[in-house]
Amino acid sequence: MNSSSLLKIVGLLVVSSIIIFISFIAIVFTNLMGLIKFYTPFIIVLTLGILVFVTNGFFTFLKPKQLKVSFLSFLSLCLVAVIVYESIDAYHNSFETLADQEVDLYQYQPFNQLSKVATLEEESTLKLEGDLPVLDGATALYPLYSAFVQATYPKKEYEIYHSEVMSNKTTDAYQNLIKGSVDIIFVAGPSERQLNQAKNRGVELKLTPIGREAFVFFVNAKNPVEGLTIQQIQDIYSGKITNWSEVGGKKEDIRAFQRPADSGSQTALEKLMGDIPIMAAPTEDVVAGMGGIIEQTANYRNYKNAIGYSFRYFSMDMIHNKSIRHLKIDGVFPDKETIRNNQYPISSEFYAVTAGTTNPNVEAFIEWILSKQGQSLVENTGYVPIN
């Protein structure tokens, strides 16, 4: 081997090493950004392609003109692939989402000067002092029990995740109650798993109804279907009905979104389905800690063929924006009156749940919640009073 060939090999190795190192850094970055599904294989293909052309540059296999045309064609194909992927991703992200965590809790913090929390017109008949009950609950109910707190607790800052007034979502709230780290949680009824967790710890859950809420199903506002029967919903979520044309709509596949396990709304769906198995939920990849990617239940996206469900409170902003439309269930529309008089077939109570707390203020606090003042805050927050 002559010195010229040796220099070419060394040069190729050096340049290739630099290209591979840059590609490795790019792959690490795409992983951290959660772009692994497309951009990691794309970078590998791009790197291999560039290495082929670099090798050709050191050891000429193609004529200069052929090399130039081939290289430009390769880069053009890569660019087209990126444009297509980003266009599809932008289309996907253009649809509004609805998820149980979308309530901005800081807008409802008690005693915050800019808080949107509902208030009483007169002084509260209950003022708590001393050993304050530690509260937790569902995100959707935080604006409500925050209103209870502002009316009855001492004025101070109550940090949302580490204070006497927290909101850690339904699943964590039940766990905190069962472990004994909180006194009251404000939630929908427990799932079978949560009941079993309490039983295994020797804990008895006491559920006090404090208001009513509707479990609603909704579709894109342009979907012509105005209502479904409970049987049709069960058939959709078991996978028996798969096309909107089967329930009076257009000939389009139904994209039936679900909620995470043990969330209040997923528990409500499970109760509605009874013993009927629920089909697998649509999933999506999300970025987790340390740049890892995990697969989780996909948030509702308002595709034209989508159907989703939630408690009525969560969906009202999108209803007001005319993005989605509530469905009639068994011919009844979910409004405050049909929820109040129990005509709407999937209305349910939500609760102040305790588990044997010894806090001396808990009983008086729950009694006040059931009083005229407490129930007025239930209504003013957007729910239906129990009394």
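In strand S10 (residues 306–311), Ser310 is the bridge partner of Val216. These two strands, S4 and S10, pair in the antiparallel sense over five bridges, where pairing requires that DSSP finds at least two bridges between two strands. Strands here are DSSP runs of E with at least two residues, helices are runs of H or I with at least four, and both are numbered from the N terminus. The model is a predicted one, in which local features need pLDDT of at least 70 and side-chain atom pairs count only at pLDDT 80 or more, while totals for chains, interfaces and linings use all residues. Residues are numbered from 1 along each chain as its sequence is written, and side-chain values use heavy atoms, with hydrogens and water left out.

Strand S4 spans residues 206–220 and is joined to S13 by eight bridges, the two strands running antiparallel. Along this pairing, Thr208 stands opposite Ala352, and Pro209 stands opposite Tyr351. S4 also pairs in the antiparallel sense with S14, over two bridges; here Gly211 faces Pro385 as its opposite residue. A further antiparallel pairing, over three bridges, links S4 to strand S11 (residues 324–326), with Val219 opposite Arg325. Of the 15 residues of S4, 12 are buried, and the strand is mostly covered. Buried means under 20% relative accessible area, exposed means over 50%, and partly exposed lies in between (1.4 Å probe, protein chains only).

S13 is likewise mostly covered, with six of its eight residues buried. Besides its bridges to S4, S13 pairs with S3 in the antiparallel sense over three bridges. Tyr351 of S13 is the bridge partner of Val187, and Tyr351 also stands opposite Pro209.

The largest nonpolar core holds 52 residues, and Phe148, Tyr153, Phe186 and Phe365 have the most contacts inside it. A nonpolar core is a set of buried Ala, Val, Leu, Ile, Met, Phe, Trp, Tyr and Cys residues joined through side-chain atoms within 4.5 Å. At least two residues of this core come from each of helix H4 (142–152), helix H5 (169–179), strand S3 (184–187), helix H9 (312–320), strand S13 (347–354), helix H11 (362–369) and helix H12 (372–381). The most is given by H4, with seven residues. Apart from this core lies another, of 39 residues, with Ile236, Met273, Ile329 and Tyr344 among them.

Which residues surround Phe148? Leaving aside neighbours within four places in sequence, Phe148 is in contact (heavy atoms within 4.5 Å) with Phe186, Ile210, Phe365, Trp368, Ile369, Gly374, Leu377 and Val378. In H12, Gly374, Leu377 and Val378 are buried, as are Gln373, Gln375 and Thr381. The buried residues of H12 pack against H4, S4, H9, S13, H11 and strand S14 (384–385). H12 is followed by Gly382, which has a positive phi, near 120°.

Two loop residues other than glycine also have positive phi values. For Asp330, phi is near 50°. Asp330 sits in the loop between strand S12 (328–329) and helix H10 (336–340) and is partly exposed, with a relative accessible area of 43%. For Asn342, phi is near 70°. Asn342 is found in the loop between H10 and S13, and is partly exposed too, at a relative accessible area of 48%.

How many cavities of 30 Å³ or more does a search of the whole structure find? The search finds one. The largest cavity has a volume of about 30 Å³, and its lining is made up of Phe257, Gln258, Arg259, Tyr300, Gly308 and Tyr309. A cavity is a set of points, on a 1 Å grid over the protein atoms alone, where a 1.4 Å probe fits but cannot get out, and lining residues have an atom within 4 Å of a point. Grid points are joined across faces, edges and corners, and the volume is the space filled by probe spheres set on the points.

The protein chain averages a pLDDT (the predictor's confidence in each residue, from 0 to 100) of 86, and 90% of the residues score at least 70. Over residues 287–291, pLDDT stays under 50, and the model has nine contacts beyond four places in sequence for this stretch. Where pLDDT is low, the predicted coordinates should not be read in detail.

Conventions. On a 1 Å grid over the protein atoms alone, a cavity is a set of points where a 1.4 Å probe fits but cannot get out, and a pocket is an open set with protein on both sides within 12 Å along at least five of seven lines; lining residues have an atom within 4 Å of a point.
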